[in-house]
Amino acid sequence: MKAEASVVLEGVSKAFVIRKNRADSLKVKLVGLFQSRHREHQELFWALRGVFLRVNRGEFLGLIGPNGSGKSTLLRLIAGIFPCTQGRMEIRGRVVPMIELGIGFHPDLTGRENIYLNTSLYGLSKQETDGLFQRIVEFSEIGEFIDQPAKNYSLGMYMRLGFSAAVHLDPDILLIDEVLAVGDEHFQKKCLKRMEEIHSLGKTVIFVSHDLEIVRKMCSRVCFLLEGRILSEGPPERVIADYHEFLEKENSRNGP
């Protein structure tokens, strides 16, 4: 019997429009009428190209690759933050993204107010959030700062509260980007343990990280992305070996 899919991507591509010689003033626009080199023009940058990916319910999928390879863009497509330019996507279940520090937080609101705002975005009632609130605060370990405006938080505090809120929302699909790099070692271990607990409940976790040892330990399958394409996918050991081979070739090409 074929496993039920949480995420299905068929030929998915994502392009961003890059504006060159952007004309923000009337003077520049007028000059551009007579001199072509000063005219604004647009180019397409393809962050993802023809991606086919199926993530089964209950998988712990790791995404690896160099900066700019399309990992974070892929997470944002799955989260519904970006629409795809081409292809078809099917997402089944509640998606909770932890892919940007402070996403969904308002800087002028307190941590307490932001928790209620954040949970309401996922359809939780005030009563439901009341039942989760103390657990969220205790996990975050930010203590009395919960009643301080979020704009006064450090990056680490943003990450703690954001991650804590995300993992208490009972996600069907949890998306985690490189945000764990901000926390201290104690809290990182706590986050990784919580991710394992969520996975043990049969939930789907998609995890982007440059820490290959954590990927090796946590993930059941890994995809290696390069220039917007999936170059290799499969068991962690093999795909990480493919990535190491790529890095060694790049280092030898670039020289000492």
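Aromatic pairs and salt bridges

A: Searching the whole structure gives 10 aromatic pairs. The model is predicted, so local features need pLDDT of at least 70 and side-chain atom pairs count only at pLDDT 80 or more, while totals for chains, interfaces and linings use all residues. Residues are numbered from 1 along each chain as its sequence is written, and side-chain values use heavy atoms, with hydrogens and water left out.

Q: What makes F60 and F207 an aromatic pair that is edge-to-face?
A: Rings of Phe, Tyr and Trp (its six-membered ring) pair if their centres lie within 6.5 Å; planes under 30 degrees apart count as stacked, over 60 as edge-to-face and the rest as tilted. F60 and F207 are 6.3 Å apart centre to centre, with 90° between the planes, so the pair is edge-to-face.

Q: Where in the chain do F60 and F207 lie?
A: F60 is in strand 3 (residues 60-64) and F207 in strand 7, 147 residues apart, so this pair links distant parts of the chain. Helices (H or I, at least four residues) and strands (E, at least two) are DSSP runs, numbered from the N terminus.

Q: Why is F60 called buried?
A: Buried means under 20% relative accessible area, exposed over 50%, and partly exposed in between (1.4 Å probe, protein chains only). F60 has 1% relative accessibility, so F60 counts as buried. F207, with a relative accessible area of 2%, is buried too.

Q: Why is the pair of F224 and Y243 called tilted?
A: The ring centres of F224 and Y243 are 5.0 Å apart and the planes are at 55°, so the pair is tilted. F224 lies in strand 8 and Y243 in helix 8 (residues 236-254), so the pair ties together parts that are 19 residues apart in sequence. Both F224 and Y243 are buried.

Q: Which residues do ring pairs link into a cluster?
A: The cluster consists of F105, Y153 and Y158.

Q: How do you know that E141 and K190 meet in a salt bridge?
A: A salt bridge is a side-chain nitrogen of Lys or Arg within 4 Å of a carboxyl oxygen of Asp or Glu. For E141 and K190 the N to O distance is 2.8 Å, so the pair meets the rule. E141 is in the loop between helix 4 (126-140) and helix 5 (155-167), and K190 is in helix 6 (residues 185-200), 49 residues apart. E141 is partly exposed because its relative accessibility is 36%.

Q: What makes K190 count as lying over the face of F139?
A: A charge sits over a ring if NZ of Lys or CZ of Arg is within 6 Å of the ring centre and within 35 degrees of the ring normal. K190 lies over the face of F139 at 4.6 Å from the ring centre. The charged end of K14 sits over the ring of F16, 5.2 Å from its centre.

Q: How many salt bridges does the rule give?
A: The count comes to 20 salt bridges. One of them joins E233 and R221 at 2.7 Å, N to O. E233 is partly exposed at 33% relative accessibility, whereas R221 is buried at 14%.
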